[in-house]
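Hi,

Here is the structure I promised to pass on.

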Amino acid sequence: MSQTLQAVRGMNDILPDDAETWEYFEDIVRDWLQSYGYRPIRMPLVEPTPLFKRAIGEVTDIVEKEMYSFEDALNGEHLTLRPEGTASCVRAVIQHSLIPSGGPQRLYYYGPMFRHERPQKGRYRQFHQIGVEALGFAGPETDAELILMCARLWDDLGLEDVTLEINSLGAPQERAAHRAALVAYLEQHRDQLDEDGRRRLHTNPLRILDTKNPALQAIVDAAPRLADYLGDESKAHFDAVQVFLKDAGIPYRINHRLVRGLDYYNRTVFEWVTTRLGAQGTICAGGRYDGLFEQLGGKPQPAAGFAIGIERLLLLWQACGGESERMAPDAYVVSVGDAAQRLAFRAAEALREHGFAVLMHCGGGSFKSQMKKADASAAAVAVVIGEDEAAAAEVGLKPLRGGGAQQRVALETLPEALAGLLYPEESVQEG
């Protein structure tokens with residue numbers, strides 16, 4: 001007997017009940033993005049490995065430990081399942097010259113990303129993100145609008161216990177000066193650093209500031225702050241972002257240890273966090289990445305964006321009482337007999353042609369058993385066809401919700417009759 005195959009650990013099936021919730025949520029998201037003028041873009045799931053090494057950074061956790069990379073046996077190319085979307089989006093914009101031809105771009109994408117990490121609630125090896133990228137926009141108003149967009153979505157979803165943290169990473173030369181001071185400081189405490197801290201000391205010392213190790217908190221708290229190394233231009237940019245947030249009434253906290261895990265960020269960075277999801281409390285993160293275009297071989301362009309983890313956001317939405325409406329057909333068609341079944345096909349298609357959602361019973365069975373399935377489908381009305389109805393080219397309409405007597409109508413008047421049952425107020429007004 002052959003072994004039953006299972007999905008890859010951390011790569012989950014989304015079954016119909018949950019998938020309907022996802023689609024309901026996706027509709028909300030599309031309306032929200034379009035209200036801010038963002039347009040969709042879709043990139044491949046597989047990209048050249050060097051794209052992510054150059055964009056994210058060779059010494060980040062993602063590149064060092066989490067990417068699904070492989071060599072294509074057909075042509076020897078080194079490929080990677082995308083671990084994030086920004087690098088792919090910028091690559092596509094450069095490759096297709098979208099900014100020179102169409103000016104600055106407001107783009108979004110939605111889909112699966114892949115990272116090899118320990119699966120836990122809301123954090124999986126195949127996970128899903130909404131990515132929002134404002135490309136070609138340099139001003140602090142863009143950074144602020146991205147943050148305000150998130151606040152608008154949280155409000156639309158009715159989320160609670162979501163707070164905003166912001167920081168500025170400054171310009172590259174400012175980060176370099178801070179980095180030198182940080183390394184010198186941490187060297188003095190080298191013996192107290194954990195293994196991860198010692199490994200990052202000369203490769204990615206900023207990430208040490210984001211450690212979750214309680215034993216290092218005192219050392220990290222006393223470390224040189226990047227804010228003290230910011231120049232006038234970076235300070236002015238960050239101050240302007242804060243003015244926009246205050247004007248909009250968006251509360252925030254400046255977190256001097258907020259550095260983000262990707263190398264391409266500069267100036268404004270932000271995270272939206274919650275206490276309702278345990279240790280994995282970040283539901284949205286982003287910031288400015290003005291150097292990424294040039295880093296990937298394009299002409300320099302200012303850019304900013306954010307990504308939302310869908311699994312975590314849905315968990316939070318449901319924890320706050322959010323739920324989707326169950327998808328239900330308008331009508332369920334039952335029939336007994338060959339002639340009735342043939343008429344049932346015609347009746348179902350006539351209703352669909354008029355925009356109704358119709359589920360037609362298949363597999364035979366008595367009227368009683370079919371009506372049980374009609375009721376279980378959550379349809380509002382059963383379309384009932386027996387031998388008598390088929391001979392007269394008529395159908396029966398039986399309300400399944402809220403009572404009401406069954407009526408017989410001619411096939412040609414079926415759409416109007418069903419509309420009268422489903423939308424009686426509109427029928428009265430038209431009358």
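**Two crossing helices, then the rest**

Helix α1 (residues 16–35) and helix α12 (residues 310–319) have axes that come within 12 Å of each other and cross at roughly 95°. So α1 is roughly perpendicular to α12 (angles under 35 degrees count as roughly parallel, over 145 as roughly antiparallel, 65 to 115 as roughly perpendicular and the rest as oblique). The axes are lines fitted to C-alpha atoms, for helices over the stretch in contact, and angles run from 0 to 180 degrees between N-to-C directions. On the α1 side, the contact is made by Thr21, Trp22, Tyr24 and Phe25, which meet Ile310, Glu311, Leu313, Leu314, Trp317 and Gln318 of α12 (contact means heavy atoms within 4.5 Å). By class, that contact of α1 with α12 has seven nonpolar, two polar and one charged residues. For the classes, Ala, Val, Leu, Ile, Met, Phe, Trp, Tyr, Cys and Pro count as nonpolar, Asp, Glu, Lys and Arg as charged, and the others, Gly among them, as polar.

Some housekeeping before going on. This is a predicted model, in which local features need pLDDT of at least 70 and side-chain atom pairs count only at pLDDT 80 or more, while totals for chains, interfaces and linings use all residues. Residues are numbered from 1 along each chain as its sequence is written, and side-chain values use heavy atoms, with hydrogens and water left out. Helices (H or I, at least four residues) and strands (E, at least two) are DSSP runs, numbered from the N terminus.

**Domains**

The protein chain splits into domain 1 (16–170 + 230–320) and domain 2 (331–422), with bounds that come from an automatic or database domain assignment. Taken over C-alpha atoms, the centres of the two domains are 48 Å apart.

**A covered helix, a hairpin and a lysine**

How many of the 10 residues of helix α4 (residues 86–95) are buried? Eight are, so to speak for the helix as mostly covered (buried means under 20% relative accessible area, exposed over 50%, partly exposed in between, with a 1.4 Å probe and protein chains only). They are Thr86, Ala87, Ser88, Cys89, Val90, Arg91, Ala92 and Val93. Their cover includes β2 (46–48), α2 (49–56), α5 (98–102), β5 (105–114), β6 (126–135) and α11 (292–295). Ser97 follows α4 and has a positive phi, near 50°.

β3 (residues 68–71) and β4 (residues 78–81) run antiparallel, joined by four bridges, with Glu71 opposite His78. Their hairpin has six residues between the strands, and Gly76 takes a positive phi near 80° there.

Lys65 sits in helix α3 (residues 61–66). Leaving aside neighbours within four places in sequence, Lys65 is in contact with His116 and Arg199. Lys65 and His116 are 51 residues apart in sequence, yet 7.2 Å apart in space, C-alpha to C-alpha.

**The five-stranded sheet**

The other open sheet has five strands, ordered β13-β12-β14-β15-β16, and its pairing is mixed. β13 (358–360) and β16 (407–410) stand at the edges with a single partner strand each, so one side of each is left without a neighbour. From one strand to the next, the twist averages 30°. Helix α13 (residues 338–353) packs on this sheet, touching β12 (331–335), β13, β14 (381–385) and β15, with its direction at about 165° to that of β13. β14 and β15 pair antiparallel over four bridges, and Val384 is opposite Gly396 in β15. Four bridges also join β15 (residues 394–399) to β16, again antiparallel, with Val395 partnered by Val409. Helix α16 (residues 414–422) lies across β12, β14, β15 and β16, at about 10° to β15.

Cheers

Note on methods
Two strands pair if DSSP finds at least two bridges between them.
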